[in-house]
Amino acid sequence: MKKRYGKAGDWAVVTGASEGIGHAMSLDLARRGFNVCVIARTQSKLDAVVEELKAIGVEGKSISFDFSTATPGDYTKLFQQLDAIQIAVLVNNVGVNYDYTNYFDEVDLETDLKILKVNTEATVRMTKYVVPKMKEKRAGAILMLSSISAIMSTPMLSTYAGTKAFNLSFGEGLHYELKQFGIDVLSVTPSVVVSRMTQGKSTRKPRETFFMVNADRMAHQTLNKLGQVSTAGHRNHCLFVALLSLVPDSIRANNILNFSKAIKAKVERRSSKPNN
């Protein structure tokens, strides 16, 4: 990757980099020789990631930034900080989801608008910033973190799935638009990855299984697929998508709906119990 995209610069930028896939992407990019600028909300978590990057042997830079409340002026200040580095790789990873599956009309409007703002606006603004610079250098790579929910009906997560469908379509279109300028755009539709987003409000970390994969291996296998239009990322997720494609959408969607109802009921039973 360094040889392929190094003409654009020696830095990678990862949004939502303090944990989960973003954290794993940051470390894998560092192992490939890139300096990494990590962007997320919590400075203390970013500081810990920077120390990990330095231990690998590259430079690390952190920028505390809240994508859920950012104004145009905040983005201007962010981009002024990024002007100090030459960016070869952008990972649009930042994203938020519901706390648990729920009916669209039962979710407050502010939550839906926050999901739209973080999952789509951040991706568009960050991409709009790097593309002219990469086109000038005729090199670069951009990853759009979508979700398996973008390629199949996902009731009770409709707004989240809608934003991920945007990221997928946005990335696929840009892949062909920017390929002629030496820029690779890869859209990624992972299934469940062991991370804090998977964990939600639970105090227990999800257990890694065949289809609930390790974030580090997912990141490594995904980055190896730059040059393709889209991928599920981890080979297990690629298999999972292939198997699901054999099932009619109505059957898949109704099973997801029943599963989502069960999650909602379980969470709401817990929250209704009096504290001892």
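In the predicted model, Val 91 is in contact with Val 13, Val 14, Thr 15, Met 25, Leu 29, Leu 143 and Leu 145, leaving aside its neighbours within four places in sequence. Val 91 also belongs to the largest nonpolar core, which comprises 36 residues. Within this core, the residues that touch the most other members are Leu 29, Val 38, Leu 53, Val 89, Val 91 and Leu 143. At least two core residues are supplied by each of β1 (11–15), α2 (20–31), β2 (35–40), α3 (43–56), β4 (87–92), β5 (140–145), β6 (183–188) and α8 (215–223). The largest share, six residues, comes from α2. Another core, of 29 residues, lies apart from this one and includes Ala 70, Tyr 75, Met 126 and Leu 174. In soluble globular proteins, nonpolar side chains tend to be buried together.

The strands form an open sheet of seven members in the order β3-β2-β1-β4-β5-β6-β7, with parallel pairing. Strands β3 (60–64) and β7 (230–231) are the edges of the sheet, each pairing on one side only. Strand β1 runs parallel to β2, to which five bridges join it, and pairs with β4 in the parallel sense over four bridges. Residue Val 13 illustrates both pairings: its bridge partner in β2 is Cys 37, while in β4 Val 13 stands opposite Leu 90. Strand β4 is also paired with β5, again in the parallel sense and over four bridges; here Asn 92 has Met 144 of β5 as its bridge partner. Because six of the six residues of β4 are buried, this strand is largely enclosed by the rest of the structure.

Leu 174, a member of the core of 29 residues, is placed in helix α6 (residues 158–179). With a relative accessibility of 11%, Leu 174 counts as buried. When residues up to four places away in sequence are not counted, Leu 174 touches Thr 127, Met 144, Lys 179 and Val 185. One of these, Met 144, is the β5 residue bridged to Asn 92. The C-alpha atoms of Leu 174 and Val 131 are 10.0 Å apart in space, the two residues being separated by 43 residues in sequence.

Nonpolar residues also occur at the surface. A patch is formed there by Phe 210, Leu 239, Leu 243, Leu 246, Val 247 and Ile 251, which together have about 560 Å² of accessible area. Leu 246 is located in the loop between α9 (235–244) and α10 (249–272). The relative accessible area of Leu 246 is 69%, and this residue is therefore classed as exposed, the threshold being over 50%.

The count of salt bridges comes to 10. In one of them, Lys 264 is paired with Glu 106, with 2.7 Å between the closest N and O atoms. This pair links distant parts of the chain, since Lys 264 lies in helix α10 and Glu 106 in the loop between β4 and α5 (109–137), 158 residues apart. Lys 264 counts as buried at 9% relative accessibility, whereas Glu 106 is partly exposed, with a relative accessible area of 45%.

Other salt bridges are formed within helices. Glu 121 is joined to Arg 125, the closest N and O atoms again being 2.7 Å apart. These two residues are separated by about one helical turn because they are four residues apart in helix α5. Both are partly exposed: the relative accessible area is 22% for Glu 121 and 27% for Arg 125. In helix α10, Asp 249 and Arg 252 lie three residues apart, about one turn of the helix, and form a salt bridge in which the closest N and O atoms are 3.0 Å apart. Asp 249 is partly exposed, with a relative accessible area of 34%, but Arg 252 counts as buried at 12% relative accessibility.

A network of salt bridges links Arg 4, Lys 179 and Asp 184. Lys 179, a member of this network, is also among the residues touched by Leu 174.

Notes: Residues are numbered from 1 along each chain as its sequence is written. This is a predicted model: local features need pLDDT of at least 70, side-chain atom pairs count only at pLDDT 80 or more; totals for chains, interfaces and linings use all residues. Side-chain values use heavy atoms; hydrogens and water are left out. A nonpolar core is a set of buried Ala, Val, Leu, Ile, Met, Phe, Trp, Tyr and Cys residues joined through side-chain atoms within 4.5 Å. Buried means under 20% relative accessible area, exposed over 50%, partly exposed in between (1.4 Å probe, protein chains only). Contact means heavy atoms within 4.5 Å. Patches are made of residues with over 30% relative accessible area and no salt bridge: like charges are joined within 9 Å, nonpolar side chains (Val, Leu, Ile, Met, Phe, Trp, Tyr) within 5 Å. Accessible areas come from the Shrake-Rupley method with a 1.4 Å probe; for residues, only the protein chains shown count as cover. A salt bridge is a side-chain nitrogen of Lys or Arg within 4 Å of a carboxyl oxygen of Asp or Glu. Two strands pair if DSSP finds at least two bridges between them.
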